[in-house]
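Hello,

Here is the structure I promised to pass on. Please open it first, then read the notes below.

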Amino acid sequence: MQTNLWFGTTERGSVAVENYVFDQDVARRALFTMVILHEYPLSIVDHHGFRKFVSALQPLFKMGTRNTIRRDILHFYEGEKRKARIFLQRTNCRVAITTDLWTADNQKRGYMAVTGHFINDSWTLKSCILR
């Protein structure tokens, strides 16, 4: 049995060689992060070519359904929203609230985002979606 190796870099910039162990949860997190960052449709997990590609990269990965990805994204969103609320409760600054409205072309549905903007202690403008 041959072990898989993972090549990473340390904080000092040197190369570290470690044993690689596949983690389904890390792979699922990477998948829903990719969908969020690039605004891919949830149906990408149903595309035959995408499934074939993922299987070629890592045969151990069990591809979920679009509902699984949706549930993962919503769970991630709730966690991030909780972190933002805790952060805003602890900060001692004023928050400007803005809204953004748009309509999805293909579904004819309206959406609204509520964003909080504030300047942190380092005088850096920060924004977070509140709803």
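What pattern does the protein chain follow when read along the sequence? The answer is β-β-α-α-α-β-β-β. That makes three helices and five strands in the protein chain. Keep in mind that this is a predicted model.

**Overall form**

The protein chain is more spread out than a compact globule, because its radius of gyration is 20 Å, well over the 14 Å that the globule rule gives for 131 residues. Along the principal axes, the C-alpha atoms fill a box of roughly 60 × 45 × 20 Å. Glu18 and Arg70 are 52 residues apart along the chain, and their C-alpha atoms are separated by 33 Å. Glu18 belongs to strand β2, which covers residues 15-19. Its relative accessibility is 42%, so Glu18 counts as partly exposed.

Now the contacts. Take those in the protein chain with a separation of 6 or more: 30% of them join residues 24 or more positions apart.

**Surface and charge**

Of the 131 residues, 23% count as buried. The protein chain exposes about 11000 Å². Carbon and sulfur atoms supply 54% of that area. As for charge, there are 19 positive and 12 negative side chains. The centres of the two sets lie 5 Å apart.

**A buried lysine**

Is Lys81 buried or exposed? Lys81 counts as buried, because its relative accessibility is 13% and the cut-off for buried is under 20%. Lys81 lies in helix α3, which runs over residues 66-90. Leaving aside residues up to four places away in sequence, Lys81 touches Leu130 and Arg131.

**The cysteines**

A disulfide is a covalent bond between the sulfur atoms of two cysteines.

Cys128 is buried, with a relative accessible area of 17%. Cys93 is partly exposed, at 28%.

Two loop residues deserve a look. Most residues other than glycine have a negative phi.

- Glu39 has a positive phi, near 55 degrees, and is not a glycine. It sits in the loop between α1 (24-38) and α2 (48-57). Glu39 is exposed, with a relative accessible area of 71%.
- Trp123 also has a positive phi in a residue other than glycine, near 60 degrees. The loop between β4 (109-119) and β5 (125-129) is its place. Trp123 counts as exposed, at 72% relative accessibility.

**Where to start**

Begin with Lys81 in helix α3, then find Leu130 and Arg131, which Lys81 touches. Finish at Glu39, in the loop between α1 and α2, and at Trp123, in the loop between β4 and β5.

Best wishes

Key. Residues numbered from 1 in each chain as written. Predicted model: local features only at pLDDT ≥ 70, side-chain atom pairs only at ≥ 80, totals over all residues. Heavy atoms only, no water. Buried < 20%, exposed > 50% of the residue type's maximum accessible area, 1.4 Å probe, protein only. Helix = DSSP H or I, 4+ residues; strand = E, 2+ residues; numbered from the N terminus. Rg over C-alpha atoms; globule rule 2.2 N^0.38 Å. Contact = heavy atoms within 4.5 Å. Areas by Shrake-Rupley, 256 points an atom, 1.4 Å probe, with all protein chains shown as cover. Lys, Arg positive; Asp, Glu negative; His and termini not counted. Charge placed at Lys NZ, Arg CZ, Asp CG, Glu CD.
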